[in-house]
Amino acid sequence: MHEFLAQLANGVELGAIYALIALGYTLVYGILELINFAHGDVYTFGSFVALGILVGLRAAGALHGAGLILGIAAALIAAILASALLNAGIERLAYRRLRKAPRLAPLITAIGVSFMLENLIELWQGSAPVPFPNVIPNPQLQIGALEVGVQQIVVVALAIVTMIALHFFVQRSKLGKAMRAVAQDRDAASLVGINVDRTIAMTFLIAGALAGVAGFVGGVSFGSAWFLNGFGAGLRAFTAAVLGGIGNIAGAMLGGFLIGMLESFSTWLIGGQWSNVAVFSVLILVLVFRPSGLLGETLPEKV
Amino acid sequence: MDLPLSGADASVGTSTLDGIKLAVARANAKGVPGGFTFAVQALDDTQQGVHNPQQGASNVRTLIADDSVLAIIGPYNSNVAAAEIPITNQAGIVQISPSAVSDGLTLGKDAAMLRRANPGVNTFFRVCTTDSRQGSAAARFALDLKLKRAYIVDDNETYGLDLANVFARDFTKLGGTVLGRDHIAPDTQDFKALLLKIKGYKPDFIFFGGTTSTGGGLLRRQMFDVGMGKLAFMGGDGIPDIAEVAKKRADGTYYTVAAPNADLLPAAKRFVAAYKAKFGSDVGPYSANAYAATEVAISAIERAIEANGNKMPTRAEVLAKIPRGAKNEVLTPIGPISFDTNGDVRKPVISLYAIRNGRSSFIEQLNLSE
């Protein structure tokens, strides 16, 4: 029981990170029907930006007392801004002019952008993993039979707050409504006066911001940033988005948590070398038996 | 000699070659019996930027065709050695590698296959130790440290898996308990699920077969995130740089290195000083080994010259003078060297280091005899 709870908590922590990334895939897919393969690398970029800020602040001796909270906030905000702008920039430069092209063209472009980002990040940070500063004090707390670290609580709390904020943004705000309208029918949306280009750009901006949060919490949770991190994490998050039903926001969150728990439990019960097999078997099974995902509606076939 | 001197291996190849050059220069300066001088003929086994077994084999044939070549130093890599050993075995010429560590080059069926042209004769020697010896030394160190219950994790790669296998075997043989084993998938980022599982076994320590970059660094780091920070962590010569990733969290890590501690050997200090003076750079990872391999070859040749009445000896006479058993050990910067019947160092020394306050400190060393 003790161990089950510990693995569950770890699965939730991992799942929170995957869910944040999966939301980025799903938002973009929802509005453009494009699988943005560069999204994982936007996450890596966010991680490195947060790392850079924290290392800089620590070198300046600013990470003490109240400075620690401010420093963490600064790193988080910088990661959010950097990833959001990067993702919006990618949309503007690489995808916008392909919006009327056959669906395969932007898809291949996304893969190309992903490789480019990976190589640029490698050029910038080198090919070895870079240690992420241990900024969040991590005493272990005993809550009933459950033992969790403070860091774990912070990671999950940050992710959940972000997701709640996203939910209200999409459901209540004017821009959120515009996003949903464009996702439903782009032409009709523009007929009622919605600026489609701006709405799509905003969607990329928000997806990037989520990747930035994920980059920060991922760096904190794993303790390192690496130029290829986004590839593996991106694939798992993509699996999560498909599992939940791609294009469906609640589905991406659910899928993220399920994939995180699957990874944690398969490592516990079968062995670490099989966790990838377990995760990607789920991708295959979902695609074969329920292509629309757990919460997705059945859509006519798209890429 | 034969080494990789260009491409990706160029820097280690060159610093290894410098070790050879230094040994030859010192021998010539001291004077060789019979008025001979030693010369280095450097051949590169790189093709298209990577060390290449075929190129190595062809280099060795070139050297053998030259009658004045009495010994070959090299190669650097195990796969090149596997291509060269059958040729030097057939020719009966001494070959000493500074760095080829794969067990199969000297041991078991694999080695017998390499020597099939001349099964009774062994011409291949190496001054480095093998993966398996390091694993068994680690098992003894662990028990010395009163660490009796191990959980073993490896990275599923050749080096890491071999090390973990030997450690598991010898640790059990010496009375330790292996609670369980796990292999990690490449590029894993989250080790907490694995660590939580290990935590349930209540081990005294985790043994890791692999390198810092294949998971050792993150594994050690994340131990703190699941409340296992105080647990000991041990590995081989793949993790001396673990503090670069795990920082202060590396404290409590033990690792083995297949060489004596340089501070304990006056010969090592002298070597480092002489190397820096001659080449103006720091010693490479295998410079000292190359120097030692060359000293062993030079001593064998010199004794063969003397035994031959100060005339040029044959290759077989040089081979006969290679130090074996307890006699004629050659004192080198990496310790006294003589070989066993397989061609491995008879008394390999394995050192144990611990990381304290983010720095490596020497704990003890073990002389592994046959």
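Trainee: Why is B:N310 called partly exposed?

Mentor: In this predicted model, B:N310 has 13 C-beta neighbours inside 10 Å. Buried needs 20 or more and exposed needs 12 or fewer, so a count of 13 makes B:N310 partly exposed.

Trainee: Where is B:N310 found, and what does B:N310 touch?

Mentor: B:N310 sits in the loop between helix 11 (287-307) and helix 12 (315-320) of chain B. Leaving out residues up to four places away in sequence, B:N310 touches B:P33, B:G34 and B:I305. B:G34 is 276 residues apart from B:N310 along the chain, but 4.5 Å separate their C-alpha atoms.

Trainee: What makes B:L179 count as partly exposed?

Mentor: The limits are 20 or more for buried and 12 or fewer for exposed. B:L179 has 16 C-beta neighbours inside 10 Å, and therefore counts as partly exposed. B:L179 belongs to strand 9 (residues 177-183) of chain B. Its contacts, not counting residues up to four places away in sequence, are B:R149, B:A150, B:Y151, B:Y201 and B:P203. For B:L179 and B:R324, 145 residues apart along the chain, the C-alpha separation is 40 Å.

Trainee: Which domains does the assignment give chain B?

Mentor: Domain 1 is 2-129 + 263-339, and domain 2 is 131-257 + 350-367. The centres of domain 1 and domain 2 of chain B, taken over C-alpha atoms, are 33 Å apart.

Trainee: How do you know that the span of helix 10 of chain A agrees with what it should be?

Mentor: The expected span is 1.5 Å times one less than the number of residues. Helix 10 of chain A has 21 residues, so it should span 30 Å; the end C-alpha atoms are 30 Å apart, which agrees.

Trainee: What makes helix 10 of chain A mostly covered?

Mentor: Of its 21 residues, 17 are buried. Just after helix 10 of chain A comes A:G271, with a positive phi of about 130°.

Trainee: How many residues of chain A and of chain B are in contact?

Mentor: On chain A there are 28, in contact with 24 residues of chain B. Helix 1 (2-32), strand 3 (146-149), helix 9 (229-244), helix 10 (249-269) and helix 11 (275-289) of chain A each supply at least two residues of the side that touches chain B. Helix 1 of chain A gives the most, with five residues. By class, this side of chain A has eight nonpolar, 17 polar and three charged residues.

Trainee: What ipTM and pTM does the predictor give the complex?

Mentor: The ipTM is 0.86 and the pTM is 0.79. For chain B the mean pLDDT is 89, and 99% of its residues reach 70 or more.

Conventions
Residues numbered from 1 in each chain as written. Chains lettered and ligands numbered in written order. Predicted model: local features only at pLDDT ≥ 70, side-chain atom pairs only at ≥ 80, totals over all residues. Contact = placed C-beta atoms within 7 Å. Helix = DSSP H or I, 4+ residues; strand = E, 2+ residues; numbered from the N terminus. Nonpolar A, V, L, I, M, F, W, Y, C, P; charged D, E, K, R; others polar. pLDDT = per-residue confidence, 0-100. Domains from an automatic or database assignment.
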